[in-house]
Amino acid sequence: MTAMPTMVVTGSGSGIGRATANVAARHGWSVIGVDIRDADVDADLSQDAQREAAVTNILARLDGRPLGALVACAGLAAGDASTIMKVNFFGATRLAEMLLPSLLAGPQGRAVVISSNALLHTPLWGNAAIEAALAGQEDEAAEAVKGQADLAYFTSKKALSLWVKREAVKPDWAGAGVLLNAIAPGATATPMIAGLLEDQQGRDFLMRMTPTRTPEVARPEAIAELACWLASTANRSVVGQTIFCDGGAEATLRPSAI
Ligand SMILES: NC(=O)c1ccc[n+]([C@@H]2O[C@H](COP(=O)([O-])OP(=O)(O)OC[C@H]3O[C@@H](n4cnc5c(N)ncnc54)[C@H](O)[C@@H]3O)[C@@H](O)[C@H]2O)c1
């Protein structure tokens, strides 16, 4: 009997990460959850030392077995802007980079990061933050968004999707059979946007940002099912993509771009 493949899910304590861990377990994955507290592996993913400690802990749990998939969901949309950049971009990309050797050790590793369709709202003055992030300059990227939480969210997500596009096609990723992709959710009913969904003003704001055309706001399981498919060996050639899973918001906001 072959051992069940293992999936690492960050942000496993809430929302999309929790749904992904549950869906993955139903699909037969053995799941290692990572979150800031009360997870299999506790780590503050805004801190590089804690990211490294998390990877050491994960590798110890794998005990020599390869990692099957990483699904990086941990993220923040509000609060300290520099922390938003650090968690959303560097928390996902540093973990992916550090876990790549373990993904490469298996037959068909996969990695999925959760971006956001908020990347569509990135203003031009966000380019400095994006360039710093893509250059791996964490302090500079954090400084470039300082005091601007919305800018931090938009730029961290746009940088994340660009990082996926650029990394995924390299020899160490697709060339070695490890497929890397992103999902860009729109409004998804999790604690992250619960406050906005509570009143009409918040819902109107959300619908302007992410004009959902389906009758209902997505449930986190909708993102989780897609993440699990991208993380599975059923995905044989989707590479470097950001898949908008947003009830038609991207199609509404930019009908002429493909
Ligand atoms: N909910 C939405 O409408 C929506 C839309 C687009 C994208 N997203 C993205 O989906 C992902 C999941 O968000 P969610 O909606 O499930 O939100 P959530 O708030 O329910 O879950 C986020 C998780 O990330 C964890 N996290 C935050 N900071 C962390 C840190 N420093 N270290 C470790 N873990 C940390 C939290 O503890 C939490 O468990 C995020 O990346 C978010 O940006 C969400």
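**Aromatic pairs and cysteines**

Mentor: In this predicted model, Trp163 and Trp173 are both buried.

Trainee: What makes Trp163 and Trp173 an aromatic pair, and why is the pair called edge-to-face?
Mentor: Their ring centres are 6.3 Å apart, and since rings pair when the centres lie within 6.5 Å, the two qualify; the planes stand at 85°, and an angle over 60 degrees counts as edge-to-face.

Trainee: Why is the pair of Trp163 and Trp173 said to tie parts together?
Mentor: Trp163 belongs to helix H6 (residues 149–168), while Trp173 sits in the loop between H6 and strand S6 (179–185), so the pair links parts that are ten residues apart in sequence.

Trainee: How many aromatic pairs does the rule give?
Mentor: The count is two aromatic pairs. One of them joins Phe89 and Phe90, whose ring centres are 4.8 Å apart and whose planes meet at 80°, so this pair is edge-to-face.

Trainee: How do you know whether Phe89 is buried or exposed?
Mentor: Its relative accessible area is 2%, and because buried means under 20%, Phe89 is buried; Phe90, at 2% relative accessibility, counts as buried by that rule.

Trainee: How many disulfides does the structure hold?
Mentor: It holds zero disulfides. For Cys73 the nearest cysteine sulfur, that of Cys228, is 9.0 Å away, whereas a disulfide needs the sulfur atoms within 2.5 Å, so Cys73 is in no disulfide. Cys245 is likewise in no disulfide, with the nearest cysteine sulfur, that of Cys73, 12 Å away.

Trainee: What makes Cys73 count as buried?
Mentor: Its relative accessibility is 12%, and because the cut-off for buried is under 20%, Cys73 counts as buried.

Conventions: Residues numbered from 1 in each chain as written. Predicted model: local features only at pLDDT ≥ 70, side-chain atom pairs only at ≥ 80, totals over all residues. Heavy atoms only, no water. Buried < 20%, exposed > 50% of the residue type's maximum accessible area, 1.4 Å probe, protein only. Phe/Tyr/Trp six-rings, centres within 6.5 Å; stacked < 30°, edge-to-face > 60°. Helix = DSSP H or I, 4+ residues; strand = E, 2+ residues; numbered from the N terminus.
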